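Visitor: Could you show me how the features of a protein model are read, one after another?

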Amino acid sequence: MKRVIFSMLVLLAALSSCSKDESTTSSTETAISVKSLPVSVTTYVANNYPAETITSAVKVSNAAASYIVSLNTTEELAFDHNGSYLG
């Protein structure tokens with residue numbers, strides 16, 4: 001009897017620990033011109049990647065990174081809504 005109750009408790013704990021991720025927020029990306037980037041973004045790229053150029057820029061909503069910049073070396077740089085470098 002104790003084994004049955006213990007088994008049921010373990011099963012109940014295992015089932016209740018599983019949960020579905022029902023996140024309804026999704027990020028959306030919008031292509032923007034390089035001229036519409038914050039000055040801090042273009043300054044960071046000019047100072048840290050002097051030989052590279054920005055080939056495309058994307059504005060992202062509902063995400064930690066608000067701007068994603070692609071360089072001609074296929075590197076991508078992420079910046080927050082203030083234009084601070086994230087990675």
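Visitor: Is Tyr85 buried, exposed or partly exposed?

Guide: Such labels rest on relative accessible area: buried is under 20%, exposed is over 50%, and partly exposed lies in between (1.4 Å probe, protein chains only). Tyr85 has 36% relative accessibility and therefore counts as partly exposed. Tyr44, at 22%, is also partly exposed, whereas Phe79 is buried with a value of 0%. Please bear in mind that this is a predicted model, in which local features need pLDDT of at least 70, side-chain atom pairs count only at pLDDT 80 or more, and totals for chains, interfaces and linings use all residues. Residues are numbered from 1 along each chain as its sequence is written, and side-chain values use heavy atoms, with hydrogens and water left out.

Visitor: What is the mean pLDDT of the chain?

Guide: pLDDT is the predictor's confidence in each residue, on a scale from 0 to 100. The chain has a mean of 82, with 78% of its residues at 70 or more. Elements here are DSSP runs numbered from the N terminus: helices (H or I) of at least four residues and strands (E) of at least two. Where pLDDT is low, the predicted coordinates should not be read in detail.

Visitor: How many aromatic pairs does the count come to?

Guide: Rings of Phe, Tyr and Trp (its six-membered ring) pair if their centres lie within 6.5 Å; planes under 30 degrees apart make the pair stacked, over 60 edge-to-face, and the rest tilted. The count by this rule is three. In one of the pairs, the ring centres of Tyr44 and Tyr85 are 4.5 Å apart and the planes meet at 15°, so this pair is stacked. It joins distant parts of the chain, since Tyr44 belongs to helix α2 and Tyr85 to the segment after β4, 41 residues apart. Phe79 and Tyr85 have ring centres 5.8 Å apart and planes at 65°, and so form an edge-to-face pair. Through ring pairs, Tyr44, Phe79 and Tyr85 are linked into a cluster.

Visitor: What is the order of the strands in the open sheet?

Guide: Strands of a sheet pair through backbone hydrogen bonds, either parallel or antiparallel. As counted here, two strands pair if DSSP finds at least two bridges between them. The four strands of this open sheet follow the order β1-β2-β3-β4 with antiparallel pairing. The edges are β1 (28-32) and β4 (76-79); each has a single partner strand, so one side of each lacks a neighbour in the sheet. From one strand to the next the twist averages 25°.

Visitor: How many bridges pair β3 and β4?

Guide: Strand β3, residues 67-71, pairs with β4 in the antiparallel sense over four bridges. Ser70 stands opposite Glu76, and Val69 has Leu77 as its bridge partner. The two strands form a hairpin with four residues between them, and Thr74 in the turn has a positive phi of about 65°. Thr74 is exposed, at 73% relative accessibility. Another positive phi in a residue other than glycine occurs at Asn62, near 60°. Asn62 lies in the loop between β2 and β3 and is exposed, with a relative accessible area of 61%.

Visitor: Which strands does α2 touch as it packs on the sheet?

Guide: Contact means heavy atoms within 4.5 Å. Helix α2 touches β2 (54-61), β3 and β4, and its direction makes about 140° with that of β4; these angles, from 0 to 180 degrees, are taken between N-to-C directions of lines fitted to C-alpha atoms, for helices over the stretch in contact.

Visitor: Which residues make up the largest nonpolar core?

Guide: A nonpolar core is a set of buried Ala, Val, Leu, Ile, Met, Phe, Trp, Tyr and Cys residues joined through side-chain atoms within 4.5 Å. The largest one has eleven residues: Leu37, Val41, Val45, Tyr49, Ile54, Ala57, Tyr67, Val69, Leu71, Leu77 and Phe79. At least two residues come from each of α2, β2, β3 and β4, and β3 gives the most, with three. Leu77 has contacts including Val45, Tyr49, Tyr67 and Tyr85, residues up to four places away in sequence not being counted.

Visitor: Which residues does Thr55 touch?

Guide: Thr55 lies in strand β2 and is partly exposed at 48% relative accessibility. With residues up to four places away in sequence left out, Thr55 touches Ser70, Leu71 and Asn72. Thr55 and Asn72 are 17 residues apart in sequence, with 5.7 Å from C-alpha to C-alpha.
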